[in-house]
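Hi everyone, thanks for coming. Please have a look at the structure on the screen, and then we'll walk through a few of its features together.

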Amino acid sequence: MSGQEKLKSEIAEHLWAKSEPYKPLWMHLLETGIIAQMLISEGIFYPLAKELSKNFGVSLDEITDLAGYIGAVHDIGKCHVNFQIQTDTMKVAKILTDNIIVVPDLRGFRHEQYGSERLNDIWKKDAVFSNMRFRSRLAEVVRFHHQGKKKGVSVETDDFWLDLQLEIEGKMRGWFKPPDIAPKHMDSACMMLTGILIVADWIASGEDFAETDWHNDWNNIEKQTRERMQVFLSKNNMQHKPVDKTIKKFTDLWQKIPQTGMRPLQKTVESIFQCEEDMPLGVIIEAPMGCGKTEAGLYAALRLAQRWGKEGFYVALPTAATSNQMYSRVNAMLGSLQDIQAKLMHGMAWLMDEEESLYNTEDSLYAKLWTAPLRRGLLAPFAVGTVDQVMMSAMRTKYGVLRLAGLAQKVLIIDELHAYDAYMSSIIEKLLKWCKVMHIPVVMLSATLPYEKKVRYAECYRYEDDSLDEEVYPAVTLLFADKKPQQFFVDEKSRKMNVHVLRAPLLNSPDEIADYLAQRLEALGSGCFCTLVNTVKEAQLIYGAVKSRLPNIPTILFHARFSADRRQEIEKECLQLLGKDKTKRPEKLIVIATQVVEQSLDLDFDEMISDICPIDLLLQRMGRIWRHDDTVRPLGCKEPCITVLLPEDDKYGSTEAVYPRFLLQRTMRFLEEKDMICLPDDIPKLVQKVYNGQEINDEELEEWLEYNTDNELMEGQAVIQELPNPSAKKFCLSDGMSKAGDLFFADEDCDFLPAKTRLGERSVGIAIVPRSLYQQVYEAKVVSKCLARKVLGYSVNVPEKKIRSFLTKDGAIKGEGLLTGVWVFPGDEGICQFADGNVLEMNKEKGFLI
C-alpha cells in the first residue's frame with residue numbers, strides 16, 4: 001500500500017460527523033437513512049410515503065429505499081478537509097495537520113451546499129437519477145436540510161477527497177438501493193422529502209442515538225438503530241396509526257349525541273359522506289351559530305382522513321383563547337374513541353412540556369422546538385391551536401417545510417374562516433394551493449363568510465365561474481381537484497331565531513353604557529348580560545363604571561391583557577357559569593369582554609350590548625345570545641335582544657383603529673333598516689349587502705376606494721412573506737427562493753425579519769413577577785424550562801409602543817433563551833413602581849395597566 005493510499009485509509013477510518021459525543025460520519029449517515037425509512041414505514045410520515053408512491057408511480061418499498069438513501073448521503077459534504085479540520089480534538093485533524101494538507105479559508109464553508117453540489121455531479125456521472133430535472137432538485141433537498149444559512153463559498157476539491165466521497169456514496173447506494181425514478185409533481189415531492197430528511201437528521205443527532213456502539217458492523221448497527229427507533233417512535237407517540245375506519249355514522253364519533261338529537265347540518269354532512277366514492281379536497285361548511293358546526297366539521301375531517309389515508313387532524317382557530325376550549329372538546333372526543341390525546345399548539349402551549357431533549361446539531365434550538373413531545377409543531381397526529389401555526393406552512397419561514405410535511409399526515413380544519421383580514425386571507429389562499437397539490441384535505445367552517453371570500457378560496461381548487469350559488473345558505477360545499485364544486489343546501493328551520501335590535505348612540509361613553517346596562521338589567525329583573533366592546537381600554541373603563549353603579553351584581557372582565565394564568569382562570573370561570581352545564585348558572589351576571597368571547601367559545605347570554613363592528617362579526621356576537629335551547633330565561637326576557645352602540649357625529653374613536661371605516665358605515669346603514677334580524681335567513685343577505693360593494697352612495701364612495709386600496713396593499717405585503725405557488729416542474733425552496741439569497745423569515749420572536757402572520761402593531765411580552773422569582777431570572781446564566789414556565793405564567797402581550805419607554809428603565813430584564821421576546825419586571829402583588837412615579841400593574845380584576 002502506497003503512502004497516499006495508507007493516508008487515505010487512515011483518514012477514511014476517522015472521518016467524523018458529530019463531535020460531542022463522537023460519531024463517525026459513516027455511522028451517522030447509516031443511522032439517518034434507517035431512521036428516514038422507519039419514519040415513513042412505521043412512523044408518522046407513513047401518509048407521506050403513500051402520497052409519494054402515487055406521485056412517483058412506484059411501490060411503497062421503492063419510496064422507502066429512496067428516502068433511506070437521501071438520509072444516508074445528506075452529510076456527504078462533511079467528507080472534506082474544510083469540515084474535518086474544524087474541531088482540533090478529532091484524531092483526523094491531527095492526521096491532516098501532521099501531513100501538511102493545505103486547508104483553504106474555512107470561513108463560508110457550508111457542508112450541506114458543498115454536499116449538494118458533489119451529489120449532483122456523482123449522480124450525473126453514474127446516472128443514478130437519469131431525470132436531470134429531478135436529479136438537480138433532489139440535490140437541493142440535501143442542501144436545504146439546514147435552512148437560513150448564508151450561501152457558502154465555492155471550494156476546490158482534489159482527487160483525494162473526491163475518491164473518499166465516491167466510496168461513501170457507493171456504499172450507501174449499495175446498501176439502500178435507490179430506484180431511478182422521477183415525480184409527476186416536483187414541488188410536492190421535494191417538500192415532503194425535505195421534511196422527512198430534516199426530522200430524520202434531527203432524531204439521529206439526538207440523545208436517543210448518541211451512545212451507539214460504533215464498531216464497523218453495518219448489519220449490527222442497522223439492527224441496533226431499528227430497535228432504538230422503535231422505542232423512540234413509541235415513547236414520542238410517533239408511530240404509524242391509521243384513523244379508525246369503523247366509524248361511518250355521525251353517532252359513531254359523537255356517541256353522546258343520539259340520532260334523534262342530530263341537527264339538520266349534522267344530518268346533511270353525514271348524508272354527504274355516506275358516499276364513499278367522492279374524494280373532495282376542500283369542504284366549506286356555512287351555517288349559523290349554535291347549529292353544531294364543530295361536531296359536523298370534525299366528523300367530515302375524520303371521514304376525509306379515512307378516504308385520503310391520513311392519520312389525524314389539526315384544528316386551527318383565530319386565537320389562543322378559542323384554542324384552549326377547542327382543545328378540551330377535541331380531547332373529550334378522542335377520549336371517547338380511546339385515542340391518543342391532542343397536542344395543544346399556540347404560543348404558550350409548550351409550558352406543559354415536561355421533558356427535555358438534547359440535539360448535537362447546529363440547528364439544535366429548532367430540533368428541540370420541533371421534536372419535544374408537546375412542541376412537535378404540526379408533527380403530532382392530532383393537534384389544536386391557532387391558525388398562525390398553519391399559515392406559516394405557506395410562508396418563507398425557517399423550517400416551514402416541516403409544517404407542510406406535518407400537515408401532509410392529516411386533515412386541516414380552519415374554524416371561523418370569515419375572521420381573517422386581506423393579509424391573512426392571502427396567506428390562507430396560498431396554503432390551500434399547497435394543500436391541493438399535496439392532497440391535504442381541508443375543512444373550513446364559518447357562519448358569516450362573504451361570498452367573494454368563498455369564491456377566492458374555491459379558486460384555489462378546480463373552479464369555474466358561476467359554479468357557486470351565493471343564495472345557497474346554510475350550505476356544505478365540496479371542492480375537488482378534478483371536477484366542479486358541489487353545493488348542498490341545509491334546511492335549518494329548526495334553529496330559526498329572531499333577534500330584536502336596539503340602537504343607542506353611546507359608543508366610547510363608559511359611564512353612559514354602565515347606566516344603560518343598569519336600566520336593561522332592571523327591565524328584565526335578572527339575567528346574564530354581555531357587554532362586548534372593541535378595545536381593552538374601553539372594557540376596563542366600562543368595568544370600573546359598572547362596579548361603581550352596580551356593586552352588588554357579580555361582574556367579570558374578560559380580555560386578552562390578563563396574565564396567561566389569570567386569563568385561563570377567567571375563561572374557565574365563564575365556561576362554568578355560562579356553558580352547557582346549567583347547574584352553576586347565576587341569576588344575575590355581567591360579563592364585560594372584548595372579542596375573546598366573539599368566536600368559538602360556547603357561552604350563552606340572555607342579552608347583549610355590543611359596540612358597532614362589521615356585520616359578519618356582529619352576527620357572530622349575536623350567536624352568543626340564547627345559544628342553548630335548554631337555558632331557563634328570566635321572566636322579563638321575552639326575546640333575544642342586542643343593543644348596538646353607535647357613534648355620535650360619525651366619530652368612531654378607537655373602534656376605527658380596529659375595523660375599516662367603510663365596513664362600519666355600511667353596517668350602520670343596513671342596520672337602520674332592521675329592527676329584527678332573523679337567524680339564519682338574514683345572515684347571507686346582510687353580509688353580502690355590506691361586503692359586495694353594491695348600493696354604494698356618494699358618501700361611501702371615498703371610503704370604498706380606500707378600503708379596496710388597503711386590502712390590495714395588505715395582499716401585497718403578504719406575498720412578500722409567502723411561498724411561491726406550487727409548481728409541477730420546480731422546487732420552490734431552490735428555484736423560487738434561493739435567488740433571493742436563501743431568505744427565510746424567522747418563526748420565532750426575534751429582531752431580524754420575523755415572520756408576520758398578522759399585520760398590526762408589534763407586541764412584546766411583559767411579565768411582572770414576584771421579587772424572589774425576578775432574582776432567579778437575574779441570576780440565571782441559562783433559563784431552565786421550569787423557571788421559564790413560572791415566569792410566562794405571569795406574562796401578557798402588549799403593544800410595544802405603549803411599553804417602549806419602560807424597557808430602558810432600571811430593573812427591566814430582556815429575556816433570553818426560553819424567555820426571548822419577554823421583558824421581566826419585579827413586582828410583588830403584580831405592581832412594579834419606578835423612581836419617576838410611573839407604575840406597571842397586573843391587576844387581578846382589570847388586567848394590565850400603565
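Let's start with a definition: Ala, Val, Leu, Ile, Met, Phe, Trp, Tyr, Cys and Pro count as nonpolar, Asp, Glu, Lys and Arg as charged, and the others, Gly among them, as polar. This is a predicted model, where local features need pLDDT of at least 70, side-chain atom pairs count only at pLDDT 80 or more, and totals for chains, interfaces and linings use all residues. Residues are numbered from 1 along each chain as its sequence is written, and side-chain values use heavy atoms, with hydrogens and water left out.

Now, the lining of the largest cavity holds nine nonpolar, two polar and four charged residues. A cavity here is a set of points, on a 1 Å grid over the protein atoms alone, where a 1.4 Å probe fits but cannot get out, and lining residues have an atom within 4 Å of a point.

Which element gives the largest share of that lining? Helix α27 does, with four residues.

Next, two backbone spots. Most residues other than glycine have a negative phi, and most peptide bonds are trans. Yet the bond from Y473 to P474 is cis, with omega near -10°, and P474 sits in the loop between α20 and β9. The bond from L679 to P680 is also cis, with omega near 10°, and P680 is in the loop between β17 and α27. Helices (H or I, at least four residues) and strands (E, at least two) are DSSP runs, numbered from the N terminus.
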